[in-house]
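Here's a quick briefing to read with the model open beside you. Take it topic by topic and follow along in your viewer.

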Amino acid sequence: MQQRPAKFLLTLLILLTVVGCMPSPGVRDTATDPLTAQAIALEEAGEHAAAAELFEQLALQALPPADQALLLRAAENHFRAQNSERATALLARINTRALPSLEFQKRLLVAELALSNNRPDEAMSLLSEGVPEGADSALRQRFHADMAEGFRLSGNLLESARELEELDLLLEEMDKRLDNQLLIIQTLTALTDTALDLLQPDPPGIQGGWMALARIIKGHTGDTSRIQEQLKGWRERFPSHPAIPGLLEGYFQKLESQYQRPDHLAILLPKSGPYANAASALRDGFMAAYYQQPLESRPRLQFYDSSDSADTWPLYRQAVDAGADMVIGPLNKEGVAQLARAGELEIPVLALNQVPPDTTPPVTLYQFGLAPEDEARQVAERAWLDGHTRAITFTPSGDWGDRILHAFRNRWERLGGTLSEQQRYDAGENDFSDAIQALLNLDESRARRSRLQRLFGQNLEFEPRRRGDADFIFLAANPLKARQIRPQFQFHHAADIPIYATSSVYTGVPAPGEDQDLEGIKFPDIPWLLMNEGGTPLARDNLARVLPDSQGTYRRLYAMGIDSFRLLPHLGRLQSSARETIEGKTGNLYLDSIRQVHRQLVWAEMSRGIPKAIGYAPRMMSMSDELEGSPAAARGAPPADSEPAQPRGGVIPEAGAATIRPAE
């Protein structure tokens, strides 16, 4: 299967620093060999598939050990042409004993293949020996780019930034340095404010300077004079910092152009019908954030009743005619679908739900929702990074369960995982024994016993044996059903199988007595519920004093309401790059290629009935890849009787965010 590593940090940097500037030993003199000259020209022009074929032909004509150098160059070009299978096959044939100088180059390529397959632990193991003495600058650049990507995939953003800083010292061309320094900033701004504060080195040094700059960027509010004042103070504090002045000026000018604070907001929310209570929670969260803004910077608000989804388009036109410069809503999917089919929207819309794209949505339509499918994908990624390769799933019958199962299975199999079994259960029942036994193959074990007893004509001592090809269980359930299901898994000999779930298993309020049956279950949820935000005005506990209902059934929607207001000025910046994020109450927020908002969530593990925050899981691949259906990394899953894979690094929470206190 062909791979698509171009959107990974490692590939971006390799393309910036390596391609065309590192001739392999043994390539013949281009002045006398037209075929070699053609291969190199194709490589430099980015025609890597064609270059790879020519280098393979040259290898067939060359004598050892020059043929091995040519094969390695062919393998590198296959990799850059997104043909990882061919690259891997060539690497298996390459023997570097006669050319020891090629060993490090080969190791780098093997590591890059592992990274493109979302296997950071394998890559970091290959890179652990460091750079050999005498390696040229291009190889050193490539090494630090690979290390940065390995740390990023492992969730260690601080170390990823450190590797980019090492790379910065090796780069000479100004354009490449600017691109790399932008990546340093984007990497650090993905850390939470709390992590940036806790991890600030003493003395700050170069990295402390980058972190201080990231804090300025994260606090950007569109106030040009304030930003210039902060930058002046930053330069006085870090006078010898290597950040290129052009980077700072250009980046902040770009931020200024992208920051758009609306003056007149139209808000489409239902006052009656099935969505009225959810709309009320969103409205209250929105208004709580609104009143935290200084009076002079608050936009004018105008609310419209969108209880009837058929009114969506007329209400949008009414808002435009009334002078609104932005619309928030609608909430129901039917209304969002109407706007998605509009072709063109005169003013931007931040819809409060998401719909699958039937056609290309308007460029000014942004879709924000608490989609359970996002969580299911993150479960697949977390389990993969934890070293698991074989999953079994237990999800409820019906549309909700099917959507979650589809999202999990699609992401899991794209990563290369195997789905050994899937079972649906009836959420209207309380006894799930039959479905659990079928999931664990206990029904087959009992059937074998019955056959043997009939064969021998006597009762046999019997201990049912569950399946051995399951590394973990993916569970989708509400809190009540999850509390019933987990003890039944334990009863049916599955107490030792890890369980991963979506946030649906947790009410959002600590309840040690009721949730003790969820012991050990891991799940992602919004940071507003899991992290202690201290005395900030919009912290969960502080908001509960003003809005007691924010602790009720729709508590997650209060957080979404807060984020819907705070997102508005940053949509242009988020749209400019999938690496741009904003730290929200519902997660670290970013946009995909069709402008749907996705949430990077905090992971928790149930311990004595209380969710203990673990940290943010890394983003393994841009969501646009997932939505566009591009081939993701894949590898053969082990046979059923093989040993479980070793952990691939798991969640390393934001390079030290494990020190952030969980919510009580």
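Where does Gly-219 lie? Gly-219 is in the loop that runs between helix H12 (205-218) and helix H13 (224-237). Keep in mind as you click around that this is a predicted model. The protein chain comes to 28 helices and 15 strands, and buried residues make up 56% of its 664 residues.

**The chain overall**

- Of the contacts in the protein chain with a separation of 6 or more, 69% are accounted for by residues 24 or more positions apart.

- Gly-219 and Asp-193 are 26 residues apart in sequence, and their C-alpha atoms are 9.4 Å apart in space.
- Glu-344 sits in another loop, the one between helix H17 (333-340) and strand E4 (349-351).
- Is Glu-344 buried or exposed? Glu-344 is exposed, because its relative accessible area is 66% and the cut-off is over 50%.

**The five-stranded sheet**

- Look for an open sheet of five strands: the order reads E2-E1-E3-E4-E5, and the pairing is parallel.
- Which strands stand at the edges? Those are strand E2 (300-305) and strand E5 (365-367); each has a single partner strand, so one side of each is left without a neighbour in the sheet.
- On average, neighbouring strands of this sheet are turned by 20° against each other, direction ignored.
- Strand E1 (residues 264-269) runs parallel to strand E3 (residues 326-328), and three bridges join them.
- Within that pairing, Leu-265 has Met-326 in E3 as its bridge partner.

**His-264 in strand E1**

- His-264 has its place in strand E1.
- With a relative accessibility of 6%, His-264 counts as buried, because that is under 20%.
- What does the side chain of His-264 reach at 3.3 Å? The answer is the backbone nitrogen of Ala-324.
- Leaving out residues up to four places away in sequence, His-264 touches Pro-299, Arg-300, Gln-302, Ala-322, Gly-323, Ala-324, Asp-325 and Met-326.

**Aromatic pairs**

- How many aromatic pairs are there? The count comes to 17.
- One of them joins Phe-286 and Phe-565, edge-to-face, at 5.2 Å centre to centre with 85° between the planes.
- Phe-286 belongs to helix H15 (residues 276-290) and Phe-565 to helix H26 (residues 555-567), so this pair ties together parts that are 279 residues apart in sequence.
- Phe-286 and Phe-565 are both buried.
- Phe-408 and Phe-472 make another edge-to-face pair, with 6.2 Å centre to centre and 75° between the planes.
- This one links distant parts of the chain too: Phe-408 is in helix H19 (residues 399-415) and Phe-472 in strand E8 (residues 472-475), 64 residues apart.
- Phe-408 and Phe-472 are both buried as well.
- Ring pairs also build a cluster, which takes in Trp-384, Phe-408, Trp-412, Phe-472, Phe-474, Tyr-500 and Trp-603.

**Arginines to click on**

- Arg-382 lies over the face of Trp-603, 5.3 Å from the ring centre, and Trp-603 is one of the rings in the cluster.
- Arg-298 lies over the face of Tyr-290, 5.8 Å from the ring centre.
- Arg-177 is found in helix H10 (residues 174-189).
- Is Arg-177 buried or exposed? Arg-177 is buried, because its relative accessible area of 18% falls under the 20% cut-off.
- The side chain of Arg-177 makes a polar contact with the side chain of Asp-168, at 3.1 Å.
- Arg-177 touches Asp-168, Leu-171, Pro-242 and Ile-244, if you don't count residues up to four places away in sequence.

Terms used:
Residues are numbered from 1 along each chain as its sequence is written. This is a predicted model: local features need pLDDT of at least 70, side-chain atom pairs count only at pLDDT 80 or more; totals for chains, interfaces and linings use all residues. Side-chain values use heavy atoms; hydrogens and water are left out. Two strands pair if DSSP finds at least two bridges between them. Helices (H or I, at least four residues) and strands (E, at least two) are DSSP runs, numbered from the N terminus. Axes are lines fitted to C-alpha atoms, for helices over the stretch in contact, and angles run from 0 to 180 degrees between N-to-C directions. Rings of Phe, Tyr and Trp (its six-membered ring) pair if their centres lie within 6.5 Å; planes under 30 degrees apart count as stacked, over 60 as edge-to-face and the rest as tilted. Buried means under 20% relative accessible area, exposed over 50%, partly exposed in between (1.4 Å probe, protein chains only). A charge sits over a ring if NZ of Lys or CZ of Arg is within 6 Å of the ring centre and within 35 degrees of the ring normal. A polar contact is a pair of N or O atoms within 3.5 Å; within protein, one must be able to donate a hydrogen and the other to accept it, and residues adjacent in sequence count only if both atoms are side-chain atoms. Contact means heavy atoms within 4.5 Å.
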